[in-house]
Structures are given as structure tokens and as C-alpha cells.
Amino acid sequence: MSINAPRGTQDILPGASEKWQYVEKKLVDLCRRYHYKEIRTPIFEHTELFQRGVGDSTDIVQKEMYTFEDRGGRSVTLRPEGTASVVRSFVQNKIHGSPNQPTKYFYIGPMFRYERPQQGRQRQFVQFGIEALGSDDPAIDAEVLALALDSYREMGLSSLRLVLNSLGDLESREAHRNALIRHFDPHRDELCADCQVRLDQNPLRVLDCKKDRDHPAMATAPSILDYLNTYSKEYFDKVKEYLDVMGIEYEIDPNLVRGLDYYNHTAFEIMSDAEGFGAITTLSGGGRYTGLVEEVGGPATSGIGFAMSLERLLMALEAEGVELPIDEELDCYLVALGEEAEKVSVRVAYQLRKAGIQVDKDYLGKKMKAQFKTADRLGAKHVLILGDREVEENVINVKDMVSGEQKEIPLDDIETYMKNQLLGGE
Ligand code: HAM
């Protein structure tokens, strides 16, 4: 009986993995320019971190975590997102004590959520995310938004929409929360079972409900923007002002509430408007959080960040028909026939690889014609041919597969010759 990969996971095979490498490299370079440095945290953490960090009332914690007991009887969870782990590490390593604030991190790695798989929704997916901790300056909110957008634009995507909201500070949220309860309470019995619980625990979540989306009370729900106090309103205005300064367009959606509990002030999502992108149009999301560092035992420190899955980025590239500049060719393929030639070819391959040239050869004892066929299939730019005669005369035949030209080169000169051909004589 064959064994398949678990539902909601995928193998990334050659042909696709080059695309992953390409986008990852571009994202790392983008982070270098914005001066965000890489952090790598464990793939599993104590379950309590996510219960406290992501929030007990969220779908992620209630329904989607891969939680298990390890052999020592501790409850651990495969990380469903990156922010809680980054904040845990920030506190544990006392980074808040460093003079270089804000602390600006990025991460790329697998995350796990037990969701119903569909296009753009996996159970294991790779998130690229950033977090800036230790600054309350609205300019850094704008910086995070700019980086988030650039991470798509620089890949060549254009059907993008930045949707922005403010969830305000604690005082504003409290006022809005009370207004939401007053508004939805008369309809309590008409709401889904989850929303009835949400109404008590975190009424903002009701606005995000997929089941009750079309309930008439949704359209008339009180808007957070009407409940922002002066500080929150001014904060939001500044963020918008900085976006205007950079010429970044956005739209305001007062119903944008994120699926995690830790947000206040700035909350945003980037959507794809590309035709054929699929039912889920959100590419990425993020926002500002204040209580999180304290929640895991650190001093009052706020942060802002965002995350996106590379799966959805690649889906958007496909939907917009963006061709990534990926070179799938092979520099050299060595064709050898005869025992002596085989030995020399092993030596030449080793020498050229050390010189920075990409080389492959036959390992199946194929006939010469079949070796040529393989070279062709692999897209070899040059085929290097060694037979008994060449070995005897200490030469090697080099065929340029583009021009069809063939040249005999002294074996001693092959490295220099190939370097000239492929690396421009470096
Ligand atoms: P999130 O909205 O839960 O936020 O996820 C962010 C992004 O991760 C989504 O927009 C989507 O691109 C991707 N994603 C989430 N779930 C899946 C899935 N099942 N399959 C494929 N992709 C998925 C966070 O995770 C926050 N930690 C973002 C953040 C960082 N906020 C502040 N800092």
C-alpha cells in the first residue's frame, strides 16, 4: 500500500522549487534594503504561548492548532503563525534591553493550521513575515505597509489592493466593544452558535464571521472609526499621511477585523484582484499589537508586522501570468565512452565544479547516442565529449549546443576555456 502526504500538505518538486528559491531570495534582499534581519525560531512551542499570544477566542486556537503531548507530558503546538514566537524570543533573549531599537526582524518558514484545505489554504504553508518591535511611531506602520506592498510589486504583480483600518487603542476598542454588544444583543438568537460565544468573549470577531456575513445586522453594525478617541484618530491620520507621502494608495474598510486577537490601531490586508486568483483574495495581513510583549512576560512594548504565505504569492504570480526569470539550463554535460574516458570524465567534472561551473554526466552506462539525448533533454549549453581517441591525444571535444560548433581543446586548457565560455573569463 502506498503512503501519500497528509491532506493539506504538498511536495515542492524541482521545476517549482526554483520559483520558491527565487521569491525567497528576492524577499531576503527586500528586507536587507529595509534593514530587517532574519530570525529563526523553533517550529514548535509551548501551547500556552499561542493560547495567550494569538488569543483563546480565535479560530486558530480553538479549532486549528496541531497540539500534542510530547513524551515528557508537556503540551506543545506546531506554530500556526510567527508573531507569538518572535515576541517570545524578544522577551526571552532580553532584546528589549538592546540600545538598537526598534528591533526589526523577518522570518520565512512553515506554519501549521488544521483548516479545510482548498486553493490557497493548506495545513502546512510557508509564511514570510516581518515584525518591528519597540516603536510607537506611525512612520514605522507606514514602513511595514510599504515593505508588504513592495514584496508583491517587486515580483512583478500589479493587481493589488491595500485595505486599511484602525482598531484604535484599548479605550476606543472598549467603547466600540460595548456598542457592538448593544447592537448585536437583540439578534443574539439569530446568530450562529460561534457568534453567540463571540458576542460575550470578543464581539469584534462577529464582524469576521463567514456564516453570519449576510445577516442584516452586519451592515448596520457600529463602525470602529466612529469610536476612535483623539489619540487613536491622530495616530491613524499620521499613518495615512505617511502613506500619502510615499504615494501609496489604500482603501479604508471599517469592517476589516483580523483573525487574531492581538491587534490595535493599524490593521491591514493586501488583496489580489487578479482574475483567476481564486475564492480567497487575501494575499497577506498584519497590524499593530500592544499587549503581546507583556502577555509573554516582557515590559510594555508595542510592535507591528505582517505575514504572507508564499503559496498565495506564487498563486498570484500565476494568475497574473508573471514569468519568473529562472534559468533551468545546465552549463555542461559530460559524455564519455570507454573505461579510461570515464575515469578522465570523473576528474574533469570534479575540476570544473570546483571552478564554479555546473556539470553533470551519465551514471547509467548509456551508449554515446543516448548520452547525447540526455544532454539535450537537460538543456545542456555545452556537451563535453571524451572517447578513447581523445584520452589518448589528451584532448576533449566541446560542442556548443546553441551554435552547433564543435572544438577540440587540450585537456589541460579545459577549465580556462569553459570559464571563458560561461563565466565571461572571470
Ligand atoms: P494571518 O492573517 O493569520 O496573520 O496570516 C497571514 C497570511 O498567512 C495570510 O494572509 C495568508 O497569506 C497566509 N495564510 C494563513 N493561513 C494560511 C493557510 N492555511 N494556507 C495558506 N496560507 C495561509 C498572521 O499570521 C499574523 N501573524 C500576521 C502578523 C504579523 N501580524 C503582525 N505581525
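**The ligand and its shell**

Tutor: β10 gives the largest share of the shell around the ligand, seven residues; strands are DSSP runs (E, at least two residues) and helices likewise (H or I, at least four), numbered from the N terminus. This is a predicted model, in which local features need pLDDT of at least 70 and side-chain atom pairs count only at pLDDT 80 or more, while totals for chains, interfaces and linings use all residues. Residues are numbered from 1 along each chain as its sequence is written, and side-chain values use heavy atoms, with hydrogens and water left out.

Student: How many residues surround the ligand?

Tutor: There are 28, and the closest are E81, E115, R258, Y263 and L283; a residue counts if one of its heavy atoms lies within 4 Å.

Student: Which polar side-chain atom lies 2.7 Å from a nitrogen atom of the ligand?

Tutor: That atom belongs to E115.

Student: Changing topic, how do α1 and α11 pack?

Tutor: Helix α1 (residues 17–34) and helix α11 (residues 310–319) pack at about 105 degrees, with axes 11 Å apart. The two helices are therefore roughly perpendicular (65 to 115 degrees).

Student: Which residues of α1 make the contact?

Tutor: They are K19, W20, V23, E24 and L27, facing L310, E311, L313, L314 and L317 of α11; contact means heavy atoms within 4.5 Å.

How values were computed:
A polar contact is a pair of N or O atoms within 3.5 Å; within protein, one must be able to donate a hydrogen and the other to accept it, and residues adjacent in sequence count only if both atoms are side-chain atoms. Axes are lines fitted to C-alpha atoms, for helices over the stretch in contact, and angles run from 0 to 180 degrees between N-to-C directions. Angles under 35 degrees count as roughly parallel, over 145 as roughly antiparallel, 65 to 115 as roughly perpendicular and the rest as oblique.
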